[in-house]
Amino acid sequence: MTAPTAGPDPPDDSMRGSLLICVTATVAGVAIGFVGGAFRWCLQAADQLRVDFVDWAHRLPGPGWLVPLAAAAAGATLAALVVRWEPLAAGSGIQHVEAVFRGDARPPLIRLLPAKFIGGVLSIGSGLVLGREGPTVHMGAAIGAEAARRVRLPDSEVRMMQTALGGAGLAVAFNAPIGGTLFTLEEVTKSFRVKTVLATLFAAAAAVGCARLVLGNYPDFDVERIGPPELRWLPLFVVFGLFTGWLGAAYNRLVLWFIDHVAALGRVPAPAKAALVGAVIGLAMFVYPRAVGGGDPVSQLILGGHRFALSVVIGYLVVRFFAGPLSYSAGVPGGLFAPLLAVGALWGLLFVGVFNLVWPTDATSLAVPMALVGMTAFFGATVRAPVTGMVIVVEMTATTEVIVPMLAATAAAVLAAYLVASPPIYDSLRERMAVEAAVEDESA
């Protein structure tokens with residue numbers, strides 16, 4: 001008679017098991033802290049090099065616009081070749097972390113780490129409008145899963161550890177340890193299991209501490225000195241939140257539309273698709289050098305109080321609103337979070353600019369507060385993790401003066417997105433990933 005096959009090892013709920021998980025999470029957190037810090041440093045250097053490069057291209061005789069076009073196309077092509085070597089490196093990776101936690105996919109292997117690092121630097125550094133958080137979350141998940149396997153944790157704890165370290169990766173990406181922890185609990189697990197909370201807290205603390213050794217111990221954005229907006233403006237923030245919810249729903253649909261239509265070009269090789277997308281972004285880069293890439297430079301200008309002409313704000317917003325979904329459809333390493341924050345800040349600035357044209361008194365003092373609120377409201381509308389979005393922005397800016405309008409506008413944005421039946425973007429991406437995996441299984 002055949003002996004029954006043993007199932008996966010149950011989780012170890014003893015004190016020793018919990019201690020092992022916390023120690024493993026801390027050590028893995030140190031690793032993603034230095035890796036993620038180095039990744040962010042490379043992208044910051046690429047941002048400055050890209051601006052200088054475009055400035056040099058403007059001074060060239062003849063069609064100088066061909067130079068950034070070719071450079072962005074080359075970077076996207078190389079990133080696509082990295083994905084050909086490691087297919088899991090495509091896109092954000094956050095939906096894969098969620099699928100692993102749910103038991104719908106296998107935890108990533110450590111070979112994903114160099115693929116995401118190199119591919120992310122190539123794609124985001126060349127100017128594609130993608131976020132650093134997707135690769136950093138996925139690299140953290142790969143490190144967490146590998147660390148759990150090395151100490152021989154059971155399968156369920158391997159999945160938990162990759163989830164916790166994914167949150168630590170987000171914490172590094174945004175210099176937001178509490179936000180990274182909340183991301184794990186609110187967006188991925190949607191639960192508060194004690195081991196997951198402890199592992200994520202230890203990992204996030206170690207990761208952000210080590211990343212700050214690389215990048216510096218200060219907030220990501222230097223915000224213009226502002227006071228709390230007067231309460232009489234609170235209804236305006238709610239109206240802004242409702243419009244932001246509808247805008248976020250449109251953005252999510254645009255992301256999926258571009259993914260579908262680029263994927264429909266079945267006979268075109270993936271590197272060629274990426275090159276074409278890169279060429280379009282390179283052309284936009286020649287016109288608006290700061291409108292491409294992750295988006296931090298333009299967000300810093302807005303939050304620092306820089307005054308833009310309304311036409312420039314509209315140009316930046318239109319470029320980033322369409323270039324983000326287009327860039328994501330290229331299938332190269334890069335996320336959606338950071339571009340969402342930049343779009344939200346630009347949208348808030350535009351809203352105040354238009355409102356100021358019709359309001360009888362000067363309302364320009366609302367520009368920076370509305371930009372801050374726009375970052376959280378747009379994030380909440382698209383990702384549907386409003387608390388995570390608010391905490392991330394507060395940590396990135398070290399600013400709490402707009403908490404009340406931020407709460408009201410973000411709640412209104414999430415409500416508006418819900419009323420128009422717009423699903424959270426990562427739910428949609430995860431479902432598509434499951435469908436693609438099922439098709440591949442059938443064809444195999």
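Predicted model: local features only at pLDDT ≥ 70, side-chain atom pairs only at ≥ 80, totals over all residues.
1. Ser 422 is buried, its relative accessible area being 4%. Leaving out residues up to four places away in sequence, Ser 422 touches Ala 249, Asn 252, Arg 384 and Ala 417. Since buried is set at under 20% relative accessible area, the 4% of Ser 422 falls within that class.

2. Gly 127 is buried, with a relative accessible area of 0%. Its contacts, again without residues up to four places away in sequence, are Arg 50, Ile 281, Val 292 and Gly 293. From Gly 127 to Phe 355 the C-alpha separation is 32 Å, for a pair 228 residues apart along the chain.

3. On secondary structure, the chain has 17 helices and zero strands. Among contacts between residues at least 6 apart in sequence, 84% join residues at least 24 apart.

4. On overall dimensions, the radius of gyration is 22 Å, which agrees with the value near 22 Å for a compact globule of 444 residues. Along the principal axes, the C-alpha atoms fill a box of roughly 85 × 55 × 45 Å.

5. Of the 444 residues, 56% are buried. The chain exposes about 18,600 Å², and carbon and sulfur atoms supply 67% of that area.

6. The largest nonpolar core holds 115 residues, and Leu 165, Phe 174 and Phe 337 have the most contacts inside it. The element that gives the most to this core is helix 13 (residues 337-358), with 14 residues. Another core lies apart from it and has six residues, including Val 83, Ala 89, Leu 112 and Ala 115. In soluble globular proteins, nonpolar side chains tend to be buried together.

7. What is Leu 165 in contact with, leaving aside its neighbours within four places in sequence? The partners of Leu 165 are Ala 25, Ala 28, Gly 29, Ile 32, Gly 140, Ala 141, Gly 144 and Ala 203.

8. On charge, there are 29 positive and 30 negative side chains in the chain. The centres of the two sets lie 3 Å apart.

Key. Residues numbered from 1 in each chain as written. Heavy atoms only, no water. Buried < 20%, exposed > 50% of the residue type's maximum accessible area, 1.4 Å probe, protein only. Contact = heavy atoms within 4.5 Å. Helix = DSSP H or I, 4+ residues; strand = E, 2+ residues; numbered from the N terminus. Rg over C-alpha atoms; globule rule 2.2 N^0.38 Å. Areas by Shrake-Rupley, 256 points an atom, 1.4 Å probe, with all protein chains shown as cover. Lys, Arg positive; Asp, Glu negative; His and termini not counted. Charge placed at Lys NZ, Arg CZ, Asp CG, Glu CD. Core = buried A, V, L, I, M, F, W, Y, C linked by side-chain atoms within 4.5 Å.
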